[in-house]
Amino acid sequence: MGEVDPAFIQAVEHRPKLAIIEAEGIPLIDLSVLSSHESSYPSSTEPLVAEIGEACKNWGFFQVINHGVPLEKREKLELASREFFAQSTEEKSKVKRDEVNVQGYYDTERTKNVRDWKEVFDLTVKDPTVIPASHEPDDKELRKLVNRWPEYPSELREAFEEYAKAMEKLSYKLLELISLSLGLPEDRLGGFFDDHTSFIRLNHYPPCPIPHLALGVGRHKDGGALTILAQDDVGGLEVKRKIDREWIHVKPTPNAYIINVGDIIQVWSNERYESVEHRVMVNSTKERFSMPFFFNPDHNVMVEPLKELTTAQNPAKYKAYNWGKFMANRKRSNFKKLDVENIQIYHFRIKLDESS
Ligand SMILES: O=C(O)CCC(=O)C(=O)O
Ligand SMILES: [Fe+2]
């Protein structure tokens with residue numbers, strides 16, 4: 001790439017600092033106590049629940065080890081992803097997303113209207129996945145998202161399906177632990193996910209000639225419930241630390257998953273837990289691969305603070321909003337550069353004087 005498209009250039013205040021400051025990182029949590037039991041939570045899991053609660057409250061992010069996901073499943077999909085992205089643009093474009101079916105390959109995503117230095121391939125976990133056809137509140141039409149499978153590598157489909165199953169299992173476990181950490185029954189949140197709209201994004205961040213000016217993904221918060229991220233050993237993910245709002249590097253830990261609570265858990269918990277801003281740095285020599293699993297509820301779920309977590313002294317901080325419409329709105333603005341601001345949960349935030 002000779003001349004770099006100015007659409008990639010971040011505003012001065014959002015440019016990354018290339019020197020990595022080694023600081024206290026996000027918590028590392030060992031899930032091995034879970035493998036000794038299957039369905040109910042004996043008292044031996046209480047310290048784990050407390051640890052998860054603290055991590056969600058203080059960071060919104062943590063890493064897990066001994067999570068029960070077989071390494072081989074992850075490695076198979078990582079390999080298939082590398083093989084897919086190594087093809088020519090022409091080949092990859094055969095499974096390119098379009099305005100009707102937003103699943104597939106694309107290399108022009110923008111975050112807050114600045115282009116991201118990456119290419120991605122999106123696949124829904126349930127195939128097909130049903131979501132509203134448009135973001136218009138009165139439009140009741142639904143649309144089926146179907147996955148586009150590339151011809152090469154032919155192993156991608158099976159690798160994806162196996163990995164997605166393992167991610168589903170881990171996300172239900174995490175959801176139970178998060179419910180318990182909020183003082184709720186373990187099965188309080190699972191019902192929102194019967195027809196979940198989760199998807200996996202395969203990310204490829206090529207080497208970048210201007211790593212001090214561009215980002216792999218600009219600063220953002222994840223809009224869904226939970227994200228489970230597999231990153232390779234290159235590094236580049238940064239999380240905004242809550243205590244001082246500094247960008248903190250997330251050091252790769254072999255075979256760990258990085259978990260973060262998304263906007264939906266922020267709303268359900270009435271802000272006991274917060275969805276935290278993060279971004280991805282790129283570098284001039286190494287390409288990087290990552291695979292986030294976005295755990296999202298059914299499209300018809302109305303997201304609002306859970307009644308058990310609100311009181312007269314701590315009233316609901318959000319009005320209810322429909323997840324499917326929220327998602328349809330986001331997908332729309334991903335696709336085209338629009339002048340309007342991306343939909344955000346603060347658009348549903350109740351101002352104090354309205355609620356009193
Ligand atoms: O690649 C990464 O490390 C994170 C990507 C991310 O934050 C996202 O796709 O939402
Ligand atoms: Fe993210």
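Which residues surround ligand 1?

1. **Ground rules.** This is a predicted model, where local features need pLDDT of at least 70, side-chain atom pairs count only at pLDDT 80 or more, and totals for chains, interfaces and linings use all residues. Residues are numbered from 1 along each chain as its sequence is written, chains are lettered from A and ligands numbered from 1 in the order written, and side-chain values use heavy atoms, without hydrogens or water.

2. **The shell.** Ligand 1 is surrounded by N203, Y205, H220, D222, L229, L237, H278, V280, R288, S290, P292 and F294. A residue is near a molecule if one of its heavy atoms lies within 4 Å of it. By class, the shell holds 6 nonpolar, 4 polar and 2 charged residues.

3. **Strands** (DSSP runs of E, at least two residues). Strand 16 gives the most to this shell, with 4 residues.

4. **The iron ion.** Ligand 2 has these protein donors: H220 (NE2), D222 (OD) and H278 (NE2), at 2.1 to 2.2 Å. Donors are N, O and S atoms within 2.8 Å of the metal (3.2 Å for Na, K and Ca). Their spacing in sequence is H-x1-D-x55-H. H220 sits in strand 10 and H278 in strand 15, 58 residues apart.

Key. Ala, Val, Leu, Ile, Met, Phe, Trp, Tyr, Cys and Pro count as nonpolar, Asp, Glu, Lys and Arg as charged, and the others, Gly among them, as polar.
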